Amino acid sequence: FHERIRASAESLENNRRMPDALAREMAAAGMFRLLVPKCYQGMEVHPQEFFDTLVTTAQADGAVGWCQMIGVTTGMMAASLPENWSQHMYAANPDTITTGVTAPLGTATREGDDLRVSGRWPFGSGSQISDWICGGCLLEGDDGPELNDAGVPRVLLVFFAAADVTIHENSWQTSGLRGTGSHDIEVSNLLVPAGRWVEMGGRPKIDSPLYRFPTLGLLALGVSAVAIGIAHHAIDAFVELAAGKVPTGSGRTLAERAAAQKDLAQAEALVRSATALTRVSIADAWEIASSGGRLGTEDKAALRLAATNNAWSAAKAVDLVYHAAGGSAIYESSPLQRCFRDVHVATQHIMVAQPTYEVLGRVKLGMPARSPL
């Protein structure tokens, strides 16, 4: 799919969304089923394969990698939905694409066994290519939000048929990752049938190593995998440029200049070292999950640290080769300018944004995280 995806770059940028044909080809190839349980026609892959696959897709195109990441991580909810809905949404149609937003910006009230839902969510990546779209909702009772056993407001991830969702097409005007089509999505006074939701923080109904992995840890790894893929793309583009470009006032190619060689090597080291840390963190967490255990706070923090480090190491790597390329990098014809824009949008995601380092530092110091891991 590498060349097929790469050929869609102009369409992605101009139309600010994935082409339907490309999305359907990817779905038919199983590229959105990586985390769906095997019993529902999914692949249920090892987290390392999940990470590596997203890196490869994002190396072809960051926006496509991002849409795949959203579809794949949302598909993981098939392990937590009631069996009848997992069968209906995933097993009955293995090519289904589900996307959504976990932020609890909607409200849900009980109406018998069903829910009445309203809400508007920004960052609805891939909504135009979706069959099902979910949104995080606070479950409201007569006296305010319902609380779980821990005394915390209950948050439900509610699934809607794509036809029931309004996509605000002009809301995604951004510097980068334009092709993700991450417009605002909205439902108003929608009746959702019984059980078509997952309670955030609850245990999956399927008990296997993959679903003992922390949900937010997998999401953070997915976000960071896209950033790493973008960095690989930028490094490849720089190598190709450097071989033929002779900078103004120089008699040597860019590839022959010591400063360019240094910047390239540093960029490569950033990406490789970040990926190496990720492999160790995933392996350690997988060992616990495979033995039937549950990951503790420090284990979850290690995964989030690897993911956050990935995103910011990728951004630094892209910055190095972007600046080393000189004026050539600023033209729309250069993939470096898009990699620069895309990777700096990826770093703003809440799963890998700068404040995450503060949370992980608190854990290392033996202090409460004060943020879900």
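User: What volume does the second largest pocket have?
Analyst: The model is a predicted one, and the volume is computed from its atoms. For the second largest pocket, the value is about 460 Å³.

User: Which element gives the most to the lining of the second largest pocket?
Analyst: The lining comprises 22 residues, with A9, E13, E332, Q337 and R338 nearest the pocket centre. Two or more lining residues come from each of α2 (9–15), α4 (47–60), α8 (215–244) and α11 (335–346). With six residues, the element that gives the most is α11.

User: How many residues of the lining of the second largest pocket are charged?
Analyst: The lining holds 22 residues. They divide into six nonpolar and six polar residues, and the charged ones number ten.

User: Which element do the buried residues of α12 pack against?
Analyst: The face of α12 turned away from the buried side carries the exposed residues E358 and K364. The buried residues of α12, among them L360, pack against residues of another helix, 297–324, namely α10.

User: Which residue just after α12 takes a positive phi?
Analyst: Helix α12 covers residues 355–364. Just after it, a phi of about 80° is found at G366.

Notes: Residues numbered from 1 in each chain as written. Predicted model: local features only at pLDDT ≥ 70, side-chain atom pairs only at ≥ 80, totals over all residues. Heavy atoms only, no water. Buried < 20%, exposed > 50% of the residue type's maximum accessible area, 1.4 Å probe, protein only. Helix = DSSP H or I, 4+ residues; strand = E, 2+ residues; numbered from the N terminus. Contact = heavy atoms within 4.5 Å. 1 Å grid on protein atoms, 1.4 Å probe; cavity = no way out; pocket = protein on both sides within 12 Å on 5 of 7 lines; lining within 4 Å. Points joined across faces, edges and corners; volume = space filled by probe spheres on them. Nonpolar A, V, L, I, M, F, W, Y, C, P; charged D, E, K, R; others polar.
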